[in-house]
Amino acid sequence: MKLIDLHTHTLLTDGELIPAELVSRAHARGYTAIGLADHVDASNIEWIAQAMLRAAEALNRHQTVTVIPGVELTHVPPGQIAELAQRARDLGIPLVCVHGETTAEPVPSGTNRASLEATIDILVHPGLITETDAQRAAERGIHLELSARQGHCITNGHVARLALAAGAKLVINTDAHAPGDLLTEATWHAVARGAGLTEAQAQQAAANSAALVEKLTAQPSGS
């Protein structure tokens, strides 16, 4: 299978590694693609976006792991999510994630719903997402994340059950902040099994990530 992770962090926000080292370590784990999606709000979205775009452009010229520049809108007031998601698009960012209503943090209520009405790609660690919101994710083609990260992962079974019932697309990501957070093929499958996915459902999640990489690398900047 292709190991793909579309939710990781660098030391540009709260990760431990510069982009080049994170990508190098991902390569050593067998990754084929990685999304660099550092935390943003209105205060830093411009310079983080510019840094992500520079890093991805340079790295993609010199190594084989496909690097996708992204952002993660984090603890943003729900009423501002659509505006900032569009700002990220206007800045040329292909991968837009939103920090969902994980039970591990006091994320503003209404974040999941506002995110699913915005132009985003992945609602990450959406916590105790509702059936209505899972259905909206399916309608809008927004991916729901199963997280490998401690704390965020405790609702993976709930997310998987509602997403599968609604027909929403699942992806498996790490929310990596440190080198040890990156997965191997074996630990990727452990996350899938732990969420209650069958082998066929796990393979579909992997295929969802691969298709999203293809979409994000094919679209013109700023679309």
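Predicted model: local features only at pLDDT ≥ 70, side-chain atom pairs only at ≥ 80, totals over all residues.

Student: OK, and which residues of H7 are buried?

Tutor: H7 runs over residues 185-194, and Trp188, His189, Val191 and Ala192 are buried there. Looking down the axis of H7, those buried residues fall within an arc of 155°, so they line one face of the helix.

Student: What's exposed on the other side of H7?

Tutor: Ala186, Arg193 and Gly194 are exposed there.

Student: And what happens just after H7?

Tutor: Gly196 has a positive phi of about 90° there. H6 has something to look at in that spot too: just after H6, Gly167 takes a positive phi of about 85°.

Student: Let's switch to S1. Can you pick a residue there?

Tutor: Take Ile4, which sits in strand S1.

Student: Why does Ile4 count as buried?

Tutor: Its relative accessibility is 6%, and buried means under 20%, so Ile4 counts as buried.

Student: What does Ile4 touch, not counting residues up to four places away in sequence?

Tutor: Its contacts are Thr32, Ala33, Ile172, Ser209, Ala210 and Val213. Going by the residue ranges, Ile172 falls in S7 (170-173), while Ser209, Ala210 and Val213 fall in H8 (199-218).

Student: Now the whole chain. How many helices and strands are there?

Tutor: Eight helices and seven strands. The radius of gyration is 16 Å, close to the 17 Å that the globule rule gives for 223 residues, so the chain is as compact as a globular protein of that length. Its C-alpha trace spans about 40 × 40 × 30 Å along the principal axes.

Student: How much of the chain is buried?

Tutor: 53% of the 223 residues count as buried. Also, among contacts with a separation of 6 or more, 73% come from residues 24 or more positions apart.

Student: And what about the surface and the charges?

Tutor: The chain exposes about 9,100 Å², with carbon and sulfur atoms supplying 52% of that. There are 15 positive and 24 negative charges, and their mean positions are 5 Å apart.

Methods:
Residues numbered from 1 in each chain as written. Heavy atoms only, no water. Helix = DSSP H or I, 4+ residues; strand = E, 2+ residues; numbered from the N terminus. Rg over C-alpha atoms; globule rule 2.2 N^0.38 Å. Buried < 20%, exposed > 50% of the residue type's maximum accessible area, 1.4 Å probe, protein only. Contact = heavy atoms within 4.5 Å. Areas by Shrake-Rupley, 256 points an atom, 1.4 Å probe, with all protein chains shown as cover. Lys, Arg positive; Asp, Glu negative; His and termini not counted. Charge placed at Lys NZ, Arg CZ, Asp CG, Glu CD. Arc of directions from axis to C-beta.
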